[in-house]
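I want to look at each chain as a whole, then pick out a few spots and see what sits around them.

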Amino acid sequence: MTILNVTGVGKDFRGLRALSEVEFEVGQGEILGIIGPNGAGKTTLFNVICGALAPDTGRVLFAGRDVTGRSPDRIARAGMVRTFQLMRPFGSMSVLENVSLAAQHERQPARRLRERSLEVVERVGLGQWAHRPATELPTAGLKRLELARALAMRPKVLLLDEVLAGLVPAEREPVLDLLADLREQDGTTLLFIEHIMAAVMRLSDRVLVLDQGRVLAAGSAEEVTSDPRVIEAYLGEEPAGAEG
Amino acid sequence: MTGITIAGGTGPAGRGGTGRATKAPPLRPQNRQLAILLVLLLVAIPLPLILPSAQGAVAVRILIFLLMAVGWNIMSGFGGMFSFGHAAYFGLGAYTSAYLLVEHGVSPWIGMLAGMAVAAGVAVVIGYFAFRYKLQGAYFALATFAFAEMLRLIVTSTEFTNKAVGFSVPLIQGSSLWKIQFAADSPAYFWIALALAGLAGAASILFLHSRSGRYVTAIRDDELAAASLGTPVMRHKLMTVALSAAITAVAGAFYTQYYLFVNPDLAFGSSVSIQAIATVVIGGIGTVWGPVVGAIIVGSLSDVTATLLRTPPDFLNFLQGRSGLDVALYAILLILIVRLLPKGIVGTAMARWRR
């Protein structure tokens, strides 16, 4: 069953073509990796899907409903939630309060809200930080906070923008385990933008390659990484990055 | 939610980390703040019986400043929407109640409620367009300023608001709670203002800790992140400006009743907006108690300058009959505060305390 359907999406920034004719589908419970060189339009695509930017052309269908141009908060409450590549914590709040804010859309007694927020905070491994100001978190912690806030929304579709960037390899493993677990336990559909190829290879059912705002290739991780056009787009860089 | 948790990496956290970290604080901040408010109110009640009557008048002035400041702080402090035009809401409160009283003999209590409704309604309309067209920061502040000035000019040139003359509250025989009129040095004015300020303070505390207050704080910190986490941004911003405007309107309505007179400059003049801003910035923007500390300072200061201008000592004779000294002093004080205590007195003290 298709949960997300993107058709003919195009977006111009004052004449600069950021996205053109982007089309793809994501099935319920699927994990879709999105890769592409810098400036390929990956984050713009997320912005369009989640309503932060209205596309010039095309449509976004979420669970069969047209959500094109809807406000980001409505899309988020409907169950499609994204994280940011550059972390955006609420600076005046504690870690727990950051998460509570995302969890409070479901009306619930204050105690239940608190318990549920704590569960999420602990699930991402920030238990010891719960009552500290969010701004005191190191980069890796802020990444986890982004994830925790999104999880607190109980998303049906979760869009992750470089959730592993800035983490040392030892920190990546548990995040990857958590993401895999999200699909198994919660049935969450995942779209994730990632540069670390090892993670893409390990997690994705399918991979979408963007280049200069277009879909360059789509298919299994093995298929796309052996596609000469993809290798070309990375300018001879080895796409299966050495970092992983 | 069950399943895998991430452990390690940022600390010895883990699955069972429900020890110290999760223990509830002894008193929720909301209840602690309400308790402090109650104590402050109780302490203030006997003041007019103790103070000489001249000081009593200063105390009422402080409470009017406090009402304005609490109103302004909700929108500009909690909500981060910097208003340079709160005179608009102060004026609407003052004029609505004055008009209803003078022209239709309506009790100022009803007039006050009507003024709150008018101010809130107008704030929602202005707010809607300002947010719809994404006016932010200095542009938003300028728009609010322009709007207040526009209202001042409209009121100055409109027949049914008595043009530049304004309204004088008709005097009655004896005192009446229903008409909010008492002998000039009656402590009743203070107690009514105190009750209004107490209600406003309680509203501000309850709002800050409500679901809506949390949304508004998140929007202030990072609007895009808040929206991406499902916060209904527009609705909560409008709710904030409405509450802020309504409380400021109460200040205006009470002001008219206390000084028995209002005109376009007193109600809609930019110095009203500046007083609201100065009070909160000095006290501590976005804090619960900043408006209280600020009102005490700015309210007393405004009285000192007024006295100084009326009866200056010999060496300051040139000040006789001038005006604007108070605003000049606020300006100096603001510069000093912004340079030395950027978070205001309360904000800075709280930051020290946490260290």
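**Entry 1: chain B overall.** I began by counting elements, and chain B came to 15 helices and 2 strands. A reminder to myself that this is a predicted model.

I then checked the overall dimensions. Laid along the principal axes, the C-alpha atoms of chain B fill a box of roughly 75 × 45 × 40 Å. For 355 residues, a compact globule would have a radius of gyration near 20 Å, and I got 22 Å for chain B, so the two agree. I also looked up burial: 46% of the 355 residues of chain B count as buried. Looking at contacts in chain B with a separation of 6 or more, I found that 75% join residues 24 or more positions apart.

**Entry 2: chain A overall.** I ran through the same list for chain A. It has 9 helices and 10 strands. The C-alpha trace spans about 55 × 40 × 35 Å along the principal axes. Chain A has 244 residues, for which a compact globule would have a radius of gyration near 18 Å; the value for chain A is 18 Å, so that agrees. Buried residues make up 47% of the 244 in chain A. Of the chain A contacts with a separation of 6 or more, 64% are between residues 24 or more positions apart.

**Entry 3: helix H13 of chain B.** I wanted to know whether H13(B) has the length it should. It covers residues 290-310, and at 1.5 Å a residue its 21 residues should span 30 Å; the end C-alpha atoms are 30 Å apart, so the length agrees.

Which residues of H13(B) are buried? I noted B:Gly290, B:Pro291, B:Val292, B:Val293, B:Gly294, B:Ala295, B:Ile297, B:Val298, B:Gly299 and B:Ser302. Next I asked what covers the buried residues of H13(B). The cover includes H3 (53-78), H12, H14 (325-340) and H15, from chain B.

**Entry 4: H12 against H15 in chain B.** Two of those covering helices turned up again as a packed pair. H12(B), residues 270-283, and H15(B), residues 344-354, pack at an angle of about 20°, with axes 3 Å apart. Angles under 35 degrees count as roughly parallel, so I wrote down H12(B) and H15(B) as roughly parallel to each other. On the H12(B) side, B:Val281, B:Ile282 and B:Gly283 make the contact, and on the H15(B) side B:Gly344, B:Ile345 and B:Val346 do. Sorting the residues of this contact by class, I got 4 nonpolar, 2 polar and no charged.

**Entry 5: A:Ala52.** I found A:Ala52 in the loop between helix H1 (42-49) and strand E4 (57-62) of chain A. Buried, exposed or partly exposed? A:Ala52 has 18 C-beta neighbours inside 10 Å, so I put it down as partly exposed.

I then listed what A:Ala52 touches, leaving out residues up to four places away in sequence: A:Asn47, A:Pro72 and B:Leu224.

**Entry 6: A:Arg65.** Last stop for today. A:Arg65 is in strand E5 (residues 65-66) of chain A. I counted 10 other C-beta atoms within 10 Å of A:Arg65, so it is exposed. I also looked at A:Arg65 with A:Ile3: the two are 62 residues apart along the chain, and 9.5 Å separates their C-alpha atoms.

Notes
Residues are numbered from 1 along each chain as its sequence is written. Chains are lettered from A and ligands numbered from 1 in the order in which they are written. This is a predicted model: local features need pLDDT of at least 70, side-chain atom pairs count only at pLDDT 80 or more; totals for chains, interfaces and linings use all residues. Axes are lines fitted to C-alpha atoms, for helices over the stretch in contact, and angles run from 0 to 180 degrees between N-to-C directions. Helices (H or I, at least four residues) and strands (E, at least two) are DSSP runs, numbered from the N terminus. Angles under 35 degrees count as roughly parallel, over 145 as roughly antiparallel, 65 to 115 as roughly perpendicular and the rest as oblique. Two residues are in contact if their C-beta atoms, placed from the backbone, lie within 7 Å. Ala, Val, Leu, Ile, Met, Phe, Trp, Tyr, Cys and Pro count as nonpolar, Asp, Glu, Lys and Arg as charged, and the others, Gly among them, as polar. The radius of gyration is taken over C-alpha atoms; the globule rule is 2.2 Å times the number of residues to the power 0.38. A residue is buried if 20 or more other C-beta atoms lie within 10 Å of its own, exposed if 12 or fewer, and partly exposed in between; C-beta atoms are placed from the backbone. The expected span of a helix is 1.5 Å times one less than its number of residues.
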